[in-house]
Amino acid sequence: MDNFNSQKKEESSRRNFLQQSAIAGMGLLFVPNLLSASNYQSEHTLKKEKGAKMKTRKLGKLEVSTLGAGCMSISANYGISAKIEDGIKTIRTAFENGVTFFDTAEVYGPYTNETLVGEALSPFRNKVTIATKFGFEIGASQITLNSRPEHIKKAVEQSLKRLKTDRIDLLYQHRVDPNVPIEDVAGAVKDLIKEGKVLHFGLSEANTTTIRKAHLVQPVSAIQTEYSFMERSVEKNGVLNICEELGIGFVPWGPLGMGYLTGKLNAQTPFDSKFDLRSAFDRFTPESLAANMQIVNLLNSFASARNATASQIALAWLMAQKPFIVSIAGTRNIPHLKENLGAYEIKLSTEDLQELEAAYSKLKVNGGRMNAMQMTFCQ
């Protein structure tokens, strides 16, 4: 636990960092998700695999648990960080309940989340898959994009130390850097794979052209982009299609709408601009929160009639879309974690999916998923 002795000092620095930097619209907002839900445990009605060990899915050639764990919200960006011991307990509980795929990034904290994940997973490092991300120059007062090959290699060395490991199972470019050809980025990762320091390559928020170019240089194992019952952009922009075409896995961040689809947020929910990046997101204005409640109501109604929860239905819906989709639901709360993992037992039928889609098609999602400046970094 010596790695965490300076946590309070780092936490104070992070607060100042968030206040001073202009990255309220850039680097630190690149978050997987926050899960929040009730303690209600689902039972029957829907088809389930009661008591079954969690099966695996393929992200390219990388085999991981059907549901993963996003670790970011334990340390950063969705409020003040959780206590270290609580974060470690949550991550280890996820592993004990069948999760073998854990997602972090150097920019979460920054740095502190990788350190937390490394400590939590160290007792069973060889039984889990760790994904992390590079792509930023993290300064004292701002964060800028940086995917130059020499910077990638430096960032990986630092991530390896924080993660207490000799290899990164899945390494993503966190955001596409327009100043560095993607072929050069893929080439740098290819070199790291040859050295054994990285095992698989991924891209986050990349468009189809970028994905195809990168894949020609170094096979891409996974694409990470926001995707949920209410956020369907990847169904329209070709990203899901190219993943299927090229045999690439897809990892949705924000599978519960960054907490919104749990039904625990409303127009009166406060978001501290110093610690919660959702405060700058278009869908988290009071107006959008109120207008989109119809989507939450749909999930709640469908779930309650089947002895499930909205969170479980939202995650089960994602699992049912494609066999190469692996959500990284994140939480710092063990009861919420166990509820979310209960989604694995829910098997939505064709009729269930048709019913949900018919109802959703009549609704309108209000507000863009991020503001205009933030979206400029989504290629």
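Let me start with the side chains of Asp-103 and Gln-224, which are joined by a polar contact of 3.1 Å, a polar contact being a pair of N or O atoms within 3.5 Å where, within protein, one must be able to donate a hydrogen and the other to accept it, and where residues adjacent in sequence count only if both atoms are side-chain atoms. Asp-103 lies in strand S4, residues 101-103, and this residue is buried, with a relative accessible area of 0%; here buried means under 20% relative accessible area, exposed over 50%, and partly exposed in between, with a 1.4 Å probe and protein chains only.

This is a predicted model, in which local features need pLDDT of at least 70 and side-chain atom pairs count only at pLDDT 80 or more, while totals for chains, interfaces and linings use all residues. Residues are numbered from 1 along each chain as its sequence is written, and side-chain values use heavy atoms, with hydrogens and water left out.

For the protein chain as a whole, the secondary structure comes to 15 helices and 12 strands, these being DSSP runs numbered from the N terminus (helices are H or I, at least four residues; strands are E, at least two). Of its 379 residues, 58% count as buried. Among contacts between residues at least 6 apart in sequence, 81% join residues at least 24 apart, where contact means heavy atoms within 4.5 Å.

In helix H12, residues 310-321, we find Ala-316, which counts as buried at 3% relative accessibility. Leaving aside residues up to four places away in sequence, Ala-316 touches Ala-343, Ile-346 and Leu-348. Ser-327 is 11 residues from Ala-316 in sequence, and the two are 9.8 Å apart in space, C-alpha to C-alpha.

The largest cavity holds about 80 Å³ of space, a volume being the space filled by probe spheres set on grid points joined across faces, edges and corners. Its lining residues, which have an atom within 4 Å of a point, include Glu-226, Glu-231, Arg-283 and Phe-284.

Conventions:
On a 1 Å grid over the protein atoms alone, a cavity is a set of points where a 1.4 Å probe fits but cannot get out, and a pocket is an open set with protein on both sides within 12 Å along at least five of seven lines; lining residues have an atom within 4 Å of a point.
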